[in-house]
Each structure stands twice: as structure tokens, then as C-alpha cells.
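This briefing goes through one protein chain, topic by topic. Please look at the sequence and the structure first.

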Amino acid sequence: MDIFDALLQSHEQQRAICKRLLSAIGEPEQRRQVLDELKVEMAAHETAEERTFYVPLFAHDETVDAARHGIAEHHEMDEMVEDLEQADPGSPEWLESIGKLVQKLEHHLQEEEEKFFPQAREVLSRGQQKALGEPYREEHERLAAKEEEEQERAQQH
Ligand SMILES: [Fe+2]
């Protein structure tokens, strides 16, 4: 599995969680739970992607802007998730913010797949593309486990 397949797998996972989040709209309890799940997946994906995909792209003039843009969007989405955590999951504001987050995330994933991936395929050698898949998956798995643990600890307090 090369880096693009590995990233696409994470993207699909995020899309599936977003779908569940939107369909849990009637149940505030469940909404909070699915948001926690999305938060774990997004956090693990963003950091693993930055470390294993964006960092090598910073080395090339052709992809430095794309990498910078991607990281800026990760940061924007993190702030949206933080705001959501402060809001009441039963409130209309919460629903509005969820809608915005899902929209932003879908835009981000689509932009990566349609714009950044083709650019990255041009600058990363085939060997590099293959070699980066496993480190991404390992890093993603490690970070997701860590994030889940942190969430559990926070819920116990
Ligand atoms: Fe991303």
C-alpha cells in the first residue's frame, strides 16, 4: 500500500464518520460520541499526514504551497472541533457548526485528492511513494491510540 492508498483509506474513514454524524442529528448523546470518534480520526490523520506526506512535499518548490495550504486547513478544522466541544450538543449552534465542519472537511479531502495528490505524484519518486505508506499507517495507528486514551482519561475526570 503506497502513501496515496493509505491516505485515501483514512479519507474514506473520515467520510463514513461524517455521514454517521449527520444521521445522528436527532440524538444529542450519540452526536457527542460520534464527534469524539471523528476527533480521534482527524487528529491521528492530520499529524501522521503532516509528518509523512507534507514534510517531504516541503522539499519541492512545486508542492510547497500545497503543503502549506493543507496544514493551514488542518489548523482551521482543529479550531472548529475545539469550538464544537465547548458548545451544547443539543443547541442549534452546534448543528450549524457541525454542518460547517463537515463541509470544510469534505472540501479539504476533495482538494487533496484532486489537486495535491496529482502534484505529489509528480515530485515524489515511485520508490518514495511506496516507502511512505507504512510509516503513515504506523504513525496514524499510534496517534489514534494515544488520542483515544487521552479522551478516556478526560472522561473519567
Ligand atoms: Fe489533510
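Predicted model: local features only at pLDDT ≥ 70, side-chain atom pairs only at ≥ 80, totals over all residues.

Residues are numbered from 1 along each chain as its sequence is written.

**Confidence**

- The average pLDDT of the chain is 94, and 100% of the residues score at least 70. Here pLDDT is the predictor's confidence in each residue, from 0 to 100.
- Confidence is highest in helix H5 (residues 126-131), at 98, and lowest in H2, at a mean of 94.

**Overall build**

- The chain has 6 helices and 0 strands. Both are DSSP runs, numbered from the N terminus: helices are H or I with at least four residues, and strands are E with at least two.
- Along the sequence the pattern reads α-α-α-α-α-α.
- Along the principal axes, the C-alpha atoms fill a box of roughly 50 × 30 × 20 Å.
- Of contacts between residues at least 6 apart in sequence, 74% join residues at least 24 apart. Two residues are in contact if their C-beta atoms, placed from the backbone, lie within 7 Å.

**Helix H4**

- Helix H4 covers residues 92-123, which is 32 residues.
- From its first C-alpha to its last, H4 reaches 45 Å, close to the expected 46 Å. The expected span is 1.5 Å times one less than the number of residues.
- The buried residues of H4 are Ile98, Leu101, Leu105, His108, Leu109, Glu112, Phe116 and Ala120. A residue is buried if 20 or more other C-beta atoms lie within 10 Å of its own, exposed if 12 or fewer, and partly exposed in between, with C-beta atoms placed from the backbone.
- Helix H1 (3-23), helix H2 (28-58) and helix H3 (64-86) are among the elements that cover these buried residues.

**Burial and the core**

- Of the 157 residues in the chain, 25% count as buried.
- In soluble globular proteins, nonpolar side chains tend to be buried together.
- The largest nonpolar core has 29 residues, and those with the most contacts inside it are Ile3, Leu7, Leu21, Leu38, Phe53, Leu57 and Tyr136. The elements that give two or more residues to this core are H1, H2, H3 and H4, and H2 gives the most, with 10 residues. A nonpolar core is a set of buried Ala, Val, Leu, Ile, Met, Phe, Trp, Tyr and Cys residues joined through C-beta atoms within 7 Å.
- Leucine 38 touches Ile17, Cys18 and Leu21, not counting residues up to four places away in sequence.

**Two histidines**

- Histidine 140 is found in helix H6 (residues 133-156) and counts as buried because 25 other C-beta atoms lie within 10 Å.
- Leaving out residues up to four places away in sequence, histidine 140 touches Ser10, Ala44, His45 and Ala48.
- Histidine 140 and alanine 44 are 96 residues apart along the chain, and their C-alpha atoms are separated by 5.0 Å.
- Histidine 69 lies in helix H3 and is partly exposed, with 16 other C-beta atoms within 10 Å.

- Serine 23 has its place in helix H1 and counts as exposed because it has 11 C-beta neighbours inside 10 Å.
- Alanine 16 also lies in helix H1 and is exposed, with 11 other C-beta atoms within 10 Å.
- Alanine 16 and phenylalanine 116 are 100 residues apart in sequence and 22 Å apart in space, C-alpha to C-alpha.
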